[in-house]
Structures are given as structure tokens and as C-alpha cells.
Amino acid sequence: PDFYFRLAELYAEKQRFYFMQARALDQKIFDLPPAQRGTLQSQQKTYESNQQKWLLEAVKSYIAATKFKKYERMDEVLFKLAYLLTTVKKEEQAREFFLRLIKDYPESKYIPDAYLSFAEYYFDKGEMENALKFYEKVEQFPKSTVYPYAVYKKGWCYVNLGDYKTALETFVGVVRM
């Protein structure tokens with residue numbers, strides 16, 4: 001499992017590299033007159049193609065590592081796989097792995113991040129009540145790096161629910177952190 005995990009990490013790094021290369025061309029392409037964009041757009045498409053190729057390899061390797069139930073870093077494998085899927089807008093697949101992380105590894109340091117992913121999912125769907133429940137779960141981990149963000153987003157849930165007084169109190173609490 002460690003081989004697959006390390007391989008997935010390498011592939012994910014390559015995926016990020018090609019993503020950055022493609023995005024580095026955005027402004028250059030925008031600045032050129034439309035008739036002169038072809039070469040850079042072609043180069044960008046190549047970078048994006050390579051990004052997708054390495055993304056798929058990373059996902060395959062992470063999934064291969066998940067087959068080893070007793071792997072001591074399984075919570076990290078599940079988190080990184082789910083996070084990678086989230087970054088490429090595959091939320092439904094990511095949620096499966098976040099859910100497995102929550103159920104199988106309740107003591108993992110990645111639990112607040114998993115709860116946050118569910119909160120963000122519901123927030124983006126406009127389901128503020130469900131989002132609030134998950135932001136509150138993140139609040140159970142005040143030492144987590146995602147804690148302040150979860151409290152902040154909780155304030156936006158209250159705004160969207162029309163509870164402006166509670167939203168203001170929440171935002172003031174965030175400022176005081």
C-alpha cells in the first residue's frame with residue numbers, strides 16, 4: 001500500500017505541475033490579439049491533457065492503496081484521494097471517500113476537513129440547514145486549521161437564512177479569533 005500511496009503522491013504532484021503550467025498561460029493568451037493566440041492555446045491544451053492524464057493515474061494509485069484495509073496511513077490515503085477528486089469537481093465520488101474516512105477513522109486528524117467538505121457541498125447546493133450542521137461539527141475541533149473558516153462560513157449560512165443578528169455575532173466572533 002505504501003508503494004501505491006507514494007506513487008499517487010508523485011502523480012498528484014505531476015498533475016499540479018501541469019495545472020500550474022496551463023494556468024500560467026491564461027493571462028498571456030488573454031493579452032494577445034485573437035489571431036495570435038493559437039500557439040499558446042495549443043500549448044495550454046497539451047498541459048491540460050497532461051494534467052488529466054496524471055490526475056487519472058493519481059486516482060488509480062490512491063484507489064489501489066485503499067484496497068489494503070490495515071494500512072497505517074489509510075486515513076491520509078482516503079483524505080488525499082477525496083481532496084483530489086474535490087479539486088477537479090468530482091464531489092460525488094469524493095464524498096464517498098470522505099464518508100469512509102469519517103466512519104472508519106473517527107480519530108483521524110483529517111476529520112475536520114472531511115466535515116468541512118460536506119458543509120461546503122451543502123452550502124454550494126443552497127442547503128443552509130445541512131451546511132450549518134457540518135460547520136458545527138468542524139467547530140468540535142478548535143485546534144484544526146479549518147476551524148476559523150468553518151465559523152466564518154457558518155456566519156454566511158445565517159445570512160442566507162435571514163438571521164442577520166446571529167450572522168453578525170458570528171462574524172464578530174471570527175474577527176476576535
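**A helix pair and its surroundings**

Guide: In this predicted model, Phe5, Glu9 and Gln15 of helix 1 meet Glu76, Val77, Lys80 and Leu84 of helix 4; contact means heavy atoms within 4.5 Å, and helices are DSSP runs (H or I, at least four residues) numbered from the N terminus. Sorted by class, the residues of this contact are three nonpolar, one polar and three charged. Here Ala, Val, Leu, Ile, Met, Phe, Trp, Tyr, Cys and Pro count as nonpolar, Asp, Glu, Lys and Arg as charged, and the others, Gly among them, as polar.

Helix 1 covers residues 2–24 and helix 4 covers residues 74–87. Their axes lie 11 Å apart and meet at an angle of about 25°; axes are lines fitted to C-alpha atoms over the stretch in contact, with angles from 0 to 180 degrees between N-to-C directions. The two helices are therefore roughly parallel to each other, a term for angles under 35 degrees, just as over 145 counts as roughly antiparallel.

A pocket is an open set of points on a 1 Å grid where a 1.4 Å probe fits, with protein on both sides within 12 Å along at least five of seven lines, and lining residues have an atom within 4 Å of a point. Volume is the space filled by probe spheres set on the points. Helix 1, helix 3 (38–66) and helix 4 each give two or more residues to the lining of the second largest pocket. Helix 1 has the largest share, with six residues. In all, this lining holds seven nonpolar, three polar and four charged residues.

The largest pocket holds about 320 Å³ of space. It is lined by 15 residues, of which Thr86, Phe98, Leu116, Ser117 and Glu120 are the closest to its centre. Helix 6 gives the most, six residues. Eight nonpolar, two polar and five charged residues make up the lining of the largest pocket.

Helix 6 in turn packs against helix 8 (residues 147–161), with an angle of about 25° and axes 11 Å apart. Helix 6 and helix 8 are therefore roughly parallel to each other. Leu116, Glu120 and Phe123 of helix 6 touch Tyr149, Ala150, Lys153, Trp156, Cys157 and Asn160 of helix 8. This contact has six nonpolar, one polar and two charged residues.

Helix 8 also meets helix 9 (residues 164–176), where the axes come within 7 Å and cross at roughly 160°. Helix 8 and helix 9 are therefore roughly antiparallel to each other. Across the whole protein chain there are nine helices and zero strands, and the C-alpha trace spans about 55 × 50 × 25 Å along its principal axes.

Residues are numbered from 1 along each chain as its sequence is written, and side-chain values use heavy atoms, without hydrogens and water. Local features need pLDDT of at least 70 and side-chain atom pairs count only at pLDDT 80 or more, whereas totals for chains, interfaces and linings use all residues.

Terms used:
Parallel < 35°, antiparallel > 145°, perpendicular 65-115°, else oblique.
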